[in-house]
Amino acid sequence: MPDIGYLNGRFLPLAEIAISPDDRGFLFGDGVYEVIRAYHGVPVFWEEHYSRLVRSAAEIQISFHIEAQDFCSLLLNGLQQSGYSEGKIYIQLTRGVAPREHGFPLNTEPTVFISFRELGALPMEMIKQGVKIITVPDIRWDRCDIKSLNLLPNVLAKQKAKDANVFEPIFVRDGLVIEGATSNIFIVKEGRLRTPARNQFVLAGVTQQQVINVAQEHGQKVKFDQITLEDLCEADEVFLVGTTIEILPVVNVDGQGIKDETPGPITSTLHEQFVALVSQLSSPIISE
């Protein structure tokens, strides 16, 4: 079964989709995006991703006219055509096609592109053993709360992590831990969870919020807080969260081990609880 794509009203095999070279997403990175994970054919947390997409688009003055239920129907249709039970759905919205001028074009329809690809779970040994991370200076722009296409700093940071043979780079700005290039981050100290305070430098994570909800429902205390590099290195537990990685333990930061360099009990319990939540949400069949 080929990977499926959607472009401005049409589903096609992904390899047959052609986007104009005058699309402003290609020319300027003038657009926003989302990534949604499907479990058992169900796009889990799609409403939260949809809300964030609408917000990001509004922040850069792109009109997005697909209503929530129509958006859900597109996702379900694409998943059905792809045949993928477990999948990664990528949604990209740009300002549209126009001659290359910096100012906003007039009377241009936004480009809506969606791809549907197969996605399996992370190897279990990664979850059982944990991963290593490094910290890097945050050289991104000042509106990281917008999930924009301008990801060159993330790409460079991710490559630096790859070259260092670690899983993820963590951005640090003015001595404060911000977030990963593709993830949010939590630390645990004396039984309490902390995650970086939300502001214009941090993307409010969908999985991050779900993990907070799960933790609080099970009596765990969670705080949005300023986290210093020292806090990170001296934490009892550290873990990353994201759509494609769910909850992933961190056992080493910048070459320094976290505790005994094994995933901590709170992280492991949260992972089990999150997996149970996703299983519950994806077990019913959603009708269009």
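Arginine 55 and aspartate 145 form a salt bridge in this predicted model, with their closest N and O atoms 2.9 Å apart. The two partners sit 90 residues apart, so to speak of them is to link distant parts of the chain: arginine 55 belongs to helix H2 (residues 46-59), while aspartate 145 lies in the loop between strand E7 (131-137) and H5. Side chains of opposite charge can pair when their charged atoms come close. Across the whole structure, a search finds 16 salt bridges.

Next, the helix pair. H6 and H8 pack at an angle of about 105°, and their axes are 10 Å apart. That angle makes H6 roughly perpendicular to H8. The residues that meet are listed here by helix.

| Helix | Residues in the contact |
|---|---|
| H6 (residues 206-217) | Thr207, Gln210, Val211, Val214, Ala215 |
| H8 (residues 265-282) | Leu270, Gln273, Phe274, Leu277 |

By class, this contact has six nonpolar and three polar residues, with no charged ones.

Finally, the surface: Leu151, Leu152, Val155 and Leu156 make a nonpolar patch of about 360 Å². Of these, valine 155 is placed in helix H5 (residues 152-163).

How values were computed. Residues numbered from 1 in each chain as written. Predicted model: local features only at pLDDT ≥ 70, side-chain atom pairs only at ≥ 80, totals over all residues. Heavy atoms only, no water. Axes fitted to C-alpha atoms, helices over the stretch in contact; angles between N-to-C directions. Helix = DSSP H or I, 4+ residues; strand = E, 2+ residues; numbered from the N terminus. Parallel < 35°, antiparallel > 145°, perpendicular 65-115°, else oblique. Contact = heavy atoms within 4.5 Å. Nonpolar A, V, L, I, M, F, W, Y, C, P; charged D, E, K, R; others polar. Patch = residues over 30% accessible without salt bridge, like charges linked within 9 Å, V, L, I, M, F, W, Y side chains within 5 Å. Areas by Shrake-Rupley, 256 points an atom, 1.4 Å probe, with all protein chains shown as cover. Salt bridge = Lys/Arg side-chain N within 4 Å of Asp/Glu carboxyl O.
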